[in-house]
Amino acid sequence: MIRRPVAWVVAVVLFAEAFGVAALNWFLGMAVDRQNMSLAGLDPHMMSVSSKIGGVVFGLYFALCGLVALLVALRDRPPAGFGRVLLISAAVVHGLLGAFTWGPVGPQAFLFMMLVLALIVLVLVTYDRPAEPADAAPGGGNSGDGSPVTSPPAPTTG
């Protein structure tokens, strides 16, 4: 089925994103530090350190989300508990990042974020319901204990 390949793709994309976000923020922190930039009188060293810390934190967050997607792909089971919450939060983050990237970065970044959002949602939704046998009809005609449902005996006149 499509569940495992999508989970593999999500894992690879999230790991690549983790590296990219961490590297970009690290680079921006180095640029601020070397050019001694300041924003509204803020300390340039503090801006540099906070950019690097933010990059590492978000990189680890995306890497953890990628690990959850990797475990989903390896086990072929839905994410549960904290892993599901992580993937849902990653979907929300990608939706917000997509909304914010349209203007400053362009429609290509928006489309990439929406693609990743769709893949994460696809991983979450395809594992939503347990697979039912094809011969089982809704309602099943069973009482739930495995015995068939029979009608009560007809009343007799005495």
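**Exercise 1.** What percentage of the 158 residues in the chain do buried residues make up?

Solution. The model is predicted. Buried means under 20% relative accessible area. Buried residues account for 27% of the chain. The accessible surface comes to about 10,600 Å², and carbon and sulfur atoms hold 71% of that surface.

**Exercise 2.** Describe the order of elements in the chain and the sequence range of its contacts.

Solution. The chain has four helices and zero strands. Read from the N terminus, the order is α-α-α-α. Next, take the contacts between residues at least 6 apart in sequence: 62% of these join residues at least 24 apart.

**Exercise 3.** Compare the span of α1 with the expected value, then find what its buried residues pack against.

Solution. Helix α1 covers residues 3-35, 33 residues in number. From first to last C-alpha α1 reaches 47 Å, close to the 48 Å expected at 1.5 Å a residue. Its buried residues are Val6, Ala7, Val10, Ala11, Leu14, Glu17, Ala18, Gly29 and Val32. Residues three or four places apart in an α-helix point the same way, because there are 3.6 residues a turn. The buried residues of α1 pack against α2 (44-75), α3 (82-101) and α4 (107-126).

**Exercise 4.** Where does Asp76 lie, and is Asp76 buried, partly exposed or exposed?

Solution. Asp76 sits in the loop between α2 and α3. Its relative accessible area is 28%, so Asp76 is partly exposed. Now take the backbone. Most residues other than glycine have a negative phi. Asp76 is not a glycine, yet has a positive phi of about 55°.

Terms used:
Residues are numbered from 1 along each chain as its sequence is written. This is a predicted model: local features need pLDDT of at least 70, side-chain atom pairs count only at pLDDT 80 or more; totals for chains, interfaces and linings use all residues. Side-chain values use heavy atoms; hydrogens and water are left out. Helices (H or I, at least four residues) and strands (E, at least two) are DSSP runs, numbered from the N terminus. The expected span of a helix is 1.5 Å times one less than its number of residues. Buried means under 20% relative accessible area, exposed over 50%, partly exposed in between (1.4 Å probe, protein chains only). Contact means heavy atoms within 4.5 Å. Accessible areas come from the Shrake-Rupley method with a 1.4 Å probe; for residues, only the protein chains shown count as cover.
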